[in-house]
Amino acid sequence: MTGGGPRVAFFGSPAFALPVLDAIRDHFQVVLVVAQPDKPVGRGLKLTPPPVAARAAELGLPLAQPKRLRGNAAFEATLRESGADVAVTCAYGKILPLSVLNIPRYGFLNTHTSLLPAYRGSAPIQWALINGETVTGTTIMQTDEGMDTGPVLLQEALPVAPDWTSLNLADALSAQASRLIVQALSNLDGLSPTPQDETLATHAPMLVKEDGFVRWTDTAAQIVNRSRGVAAWPQTTAFLGGARLKLGGLSVTSGSGQPGEVLGVSEGSLTVAARDGAVLIRTVQPEARKAQPAHTWAQGAGVTRGTRLDVWEPAQS
């Protein structure tokens, strides 16, 4: 379906962006979709398009997948010839040069999954959870050459349920972004850009594998919040005798002991001490094996009350 209003170029790549693309297409004419290039996926390294590119092909929408944007005259011509009045970015994954930003009449609008200037960067959903935020939200901003530094056009808060992981929060924010971007595109001439307060800016850098490592010297709440934030990737990892263990179903419970000390093994769970309180663990997945109930793993591994999991600490920078 296409509607009236501005002609839109959409820049996005992952599945998170699909509801936003669909919402825009339901109300406006999408004249161009821009996604990251296809990448090798899986053991067979089969060249696979990102979800947004696959969706564009399915819908018969014009598609571009440039390897680079800076100095790419051919892509700039493609965007210009699309006749887009405005462009929207949603988790596209590339920095946009000024030569591209200046092509659409209304420039570029970005859907960012935080209440800017908080959590600028590529992983705002994950870091909001890791840091135990109880409220986050979506910002529609005017894109400039910086990293999420442009003026705010629309913003709406979203309460974070205490049991949400990064997967749940991403779904809720994708739905919120879909609604807000339609609102913004419906009133382009009436939006009032508000500069961000640089003194309040915080950052949400891309996750690395070590961000998923359990720090038993953290509080139980901090350990559980980190697990919620890394649920999609890299997931929660602990160590026993240097061997990696993926942990699942973490929650805060009562108990005290040395950080990493097993306080109890019961049907369906394992209790491990943190710096303050304890963490209940429901599943354990040893390397190269399937996830299993925590007590089943403990019995097989000879883990009993008093066993101490490795205490990992990040290197001091």
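Visitor: Where does Arg-120 lie?
Guide: Arg-120 is in the loop between strand 7 (108–112) and helix 5 (124–130). Helices (H or I, at least four residues) and strands (E, at least two) are DSSP runs, numbered from the N terminus.

Visitor: What should I know about the model and numbering?
Guide: This is a predicted model, where local features need pLDDT of at least 70, side-chain atom pairs count only at pLDDT 80 or more, and totals for chains, interfaces and linings use all residues. Residues are numbered from 1 along each chain as its sequence is written, and side-chain values use heavy atoms, with hydrogens and water left out.

Visitor: Back to Arg-120. Buried or exposed?
Guide: Buried, because its relative accessibility is 4%. Buried means under 20% relative accessible area, exposed over 50%, partly exposed in between (1.4 Å probe, protein chains only).

Visitor: Which side chain does Arg-120 join in a polar contact?
Guide: That of Glu-198, at 2.9 Å. A polar contact is a pair of N or O atoms within 3.5 Å; within protein, one must be able to donate a hydrogen and the other to accept it, and residues adjacent in sequence count only if both atoms are side-chain atoms.

Visitor: What else does Arg-120 touch?
Guide: Leaving out residues up to four places away in sequence, its contacts include His-112, Asp-148, Gln-196 and His-203. Contact means heavy atoms within 4.5 Å.

Visitor: Zooming out. How many helices and strands are there?
Guide: Eight helices and 17 strands. The protein has 317 residues, and 49% of them count as buried.

Visitor: Now the sheet with strand 10. What is the strand order?
Guide: It runs 10-11-16-17, an open sheet of four strands with antiparallel pairing. Strand 10 (236–240) and strand 17 (292–293) are the edges, each pairing on one side only. Two strands pair if DSSP finds at least two bridges between them.

Visitor: How many bridges join strand 10 to strand 11?
Guide: Five, with strand 11 covering residues 243–248. The two strands form a hairpin with two residues between them. Gly-241 in that turn has a positive phi of about 60 degrees.

Visitor: Which residue in strand 11 is the bridge partner of Thr-236?
Guide: Leu-247. Leu-247 also stands opposite Val-284 in strand 16. Strand 11 and strand 16 are joined by four bridges.

Visitor: And what does Thr-283 stand opposite in strand 17?
Guide: Pro-293. Strand 16 (residues 283–286) pairs with strand 17 over two bridges, in the antiparallel sense.
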